[in-house]
Amino acid sequence: MCRTFRVVHSARLLFCIVLASAGCSTSAPTSPPTPNDGKLKILATTGMVADAARQIGGDLVEVTALMGPGVDPHLYQPTARDQVRLKSAQLILYNGLHLEGKMADLFESLSHQKRVVAVTRDIPENRLLAWSDSAGMHDPHVWFDVQLWEIVAQTIARAYAESDPQHASEYESRAAKYVSELQSLDRECRTLAEQLPAEQRVLITSHDAFHYFGRAYGFEVVGIQGISTDSEAGLKAITDAIDLIRNRKIRAIFPETSVPRAAIERVATNSHAKLGIELYSDSLGAPDSPAGTYVGMIRTNMQNIVEALRP
Ligand SMILES: [Zn+2]
């Protein structure tokens, strides 16, 4: 569009708005077209992504989360109702790195129709951990390193600015505020972790979701099931965990809200380790609970881990 036309067009639009607001009769629309009451319509997959999307978008966006509390993203298959929500969203935000393992083809096909963004896309490869079971793939559970989630926050702000350029500076300033909240959460997590002697910092959980957490906050991490939940815990993984608990005198091990408890309960029974409070691994807690936001989920996990492992 040439500049002259744009100026004339803008002046005409402004004239129509002035006429309309003055109550004059005109055949032009009374206000510029504003789809969805002006709010950017976002579909986010996990609760963690949806929460970051809300924090950064504020009143400018309407965020729907596909997966509620306790839902396992590795195995999630979209329902017919989800397909409608995915199609009607203006922007889709998903974790990526194969977390939503059953939805890759759907995202690929939707990406030809609208903006579909993996929120982990800007994390430098050298800060990603390998997926031990699959060559060339990376562990998707990046939200457990709060510093990596700061990068995710900036990616979401950029995706918003691309979709809604006129509010770019608002998204940027909301993201800056959120990042500063995350920085303080990260410091809080380090202070809590330091309450445990180094030899007590061993985190045994149902599945391998906590390697980023372990790297960030100095814990040795063992998951009884693999990185994805689509295979069951093997006998060797169970006996190795029992030996580790006995040899290292580990006080507690942890079930997760989005993973069946059978394997971890079996380890607890056979090792006499205490079963800690369920950790929030791949989903948030209920919306009105302390773990109903990303910040609350990380804080609740860390408090429960430190409390259970404390000598
Ligand atoms: Zn997982």
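Predicted model: local features only at pLDDT ≥ 70, side-chain atom pairs only at ≥ 80, totals over all residues.
Me: What makes D282 buried or exposed?
Reply: D282 also comes out at 2% relative accessibility. The cut-off for buried is under 20%, therefore D282 is buried.

Me: Which residues are the protein donors of the zinc ion, and how do you know that they are donors?
Reply: They are H74, H141 and H207, each through NE2, and D282 through OD. These atoms lie 2.0 to 2.1 Å from the zinc ion, and a donor has to be within 2.8 Å of this metal.

Me: Why is the arrangement around the zinc ion called tetrahedral?
Reply: The 4 donor atoms subtend angles of 94 to 126°. Four donors count as tetrahedral if all angles lie between 85 and 135 degrees, so the arrangement is tetrahedral. The ideal angle for four tetrahedral donors is 109.5 degrees.

Me: What do H74 and D282 tie together?
Reply: H74 is in the loop between β2 and α3, and D282 in the loop between β8 and α10, so the pair ties together parts 208 residues apart in sequence.

Me: How do you know that the buried residues of α9 are on the same side?
Reply: The buried residues are A263, I264, V267, A268 and S271. They cover an arc of only 140° around the axis, which puts them on the same side of α9. A262 and T269, on the other side, are exposed.

Me: What do the buried residues of α9 pack against?
Reply: They pack against β5, β6, α8, β7 and β8.

Technical notes
Residues numbered from 1 in each chain as written. Heavy atoms only, no water. Buried < 20%, exposed > 50% of the residue type's maximum accessible area, 1.4 Å probe, protein only. Helix = DSSP H or I, 4+ residues; strand = E, 2+ residues; numbered from the N terminus. Arc of directions from axis to C-beta. Contact = heavy atoms within 4.5 Å. Donors = N, O, S within 2.8 Å, 3.2 Å for Na, K, Ca; no water. Tetrahedral: all angles 85-135°; square planar, octahedral: opposite > 155°, others 65-115°.
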